[in-house]
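I opened the notebook to record what I looked up in this protein, taking one topic at a time.

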Amino acid sequence: MIKRLLFTVLSLCMMMSAMAQKQTKEKGFYDFTVKTITGEDFPLSKLKGKKVLVVNVASKCGLTPQYKDLQALYDKYGGDGFVIIGFPANNFGSQEPGTNEEIKAFCTANYGVTFPMMAKISVKGDDIHPLYKWLTLKSLNGKHDAEVTWNFQKFMINENGDLYGFVSPKTPPTAKEITSWIEGKSPTN
């Protein structure tokens, strides 16, 4: 009787432990919902099956002209298999001081941006957005530690929602490293 009771208690403990592990499993890219620049919810699960370039952007940075190349990349490859999503952030030198409305107007008027822009967030520090926490910590994304070092750092997410890699802020959006990834080629081809 005591053996049976101990076996039952042990079995229950093992089941509860397994359930707790399942519940604490870290989120994947598609599990996040972000806000668009106009305030609507945007579940990243809508991007399943697409390659996604995630970029933290700023309007008053020396790298701001990269908006032009991002838009050119989106014009060439955007559609069913590829999308760019921009995340305005004011983490570096206060180079994105505007409101979401001001940022949207700036991007449209100066660069004709048509790729999805999200609401302004923090990409580092104590108030880091959960998506960027996932992007920058290997313990969460399973691939790389990748601290955001400046505006226009680019993260590449594959069609399965896995972090493929990242490139530095100074790497142009049209660099072979990025276009080869979009095209499914080795960067040395």
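Ground rules. I am working with a predicted model, in which local features need pLDDT of at least 70 and side-chain atom pairs count only at pLDDT 80 or more, while totals for chains, interfaces and linings use all residues. Residues are numbered from 1 along each chain as its sequence is written, and side-chain values use heavy atoms, with hydrogens and water left out.

Overall layout. I noted 6 helices and 6 strands in the protein chain, and their order along the sequence reads α-β-β-β-α-β-α-α-α-β-β-α. Of the 189 residues, 42% are buried, where buried means under 20% relative accessible area, exposed over 50%, and partly exposed in between (1.4 Å probe, protein chains only). Taking contact as heavy atoms within 4.5 Å, I recorded that 62% of the contacts with a separation of 6 or more are between residues 24 or more positions apart.

Helix α2. The buried residues of α2 are Q66, Y67, L70, Q71, L73, Y74 and Y77. They lie on the same side of α2, because they cover an arc of only 160 degrees around the axis, the arc being that of the directions from the helix axis to the C-beta atoms. An α-helix has 3.6 residues a turn, so residues three or four places apart point the same way. On the face turned away from the buried side I found the exposed residues K68, D75 and K76, whereas the cover over the buried residues includes β3, β4, α3, β5 and α6.

Nonpolar core. I define a nonpolar core as a set of buried Ala, Val, Leu, Ile, Met, Phe, Trp, Tyr and Cys residues joined through side-chain atoms within 4.5 Å. In the largest one, with 51 residues, F29 and V54 touch the most other members. Among the elements that each supply at least two residues of this core are β3 (51-57), α2 (66-77) and β4 (82-88). Leaving out residues up to four places away in sequence, V54 touches F29, I85, F87, Y132, L135, Q153, K154, F155 and I157.

Helix α3. I read α3 as residues 100-111, with 12 residues and a reach of 16 Å from first C-alpha to last, close to the 16 Å expected. G112 follows α3 and has a positive phi, near 60 degrees. F106 sits in α3 and counts as partly exposed, at 24% relative accessibility. Setting aside neighbours within four places, F106 is in contact with S59, T64, Y67 and Y111; S59 is 47 residues away along the chain, yet the two C-alpha atoms are separated by 7.5 Å.

S94, not a glycine, has a positive phi of about 50 degrees and is found in the loop between β4 and α3. F152, also not a glycine, has a positive phi of about 75 degrees, and it is buried at 0% relative accessible area. Counting a disulfide as a pair of cysteine sulfur atoms within 2.5 Å, I found 0 disulfides.

Methods. Helices (H or I, at least four residues) and strands (E, at least two) are DSSP runs, numbered from the N terminus. The expected span of a helix is 1.5 Å times one less than its number of residues.
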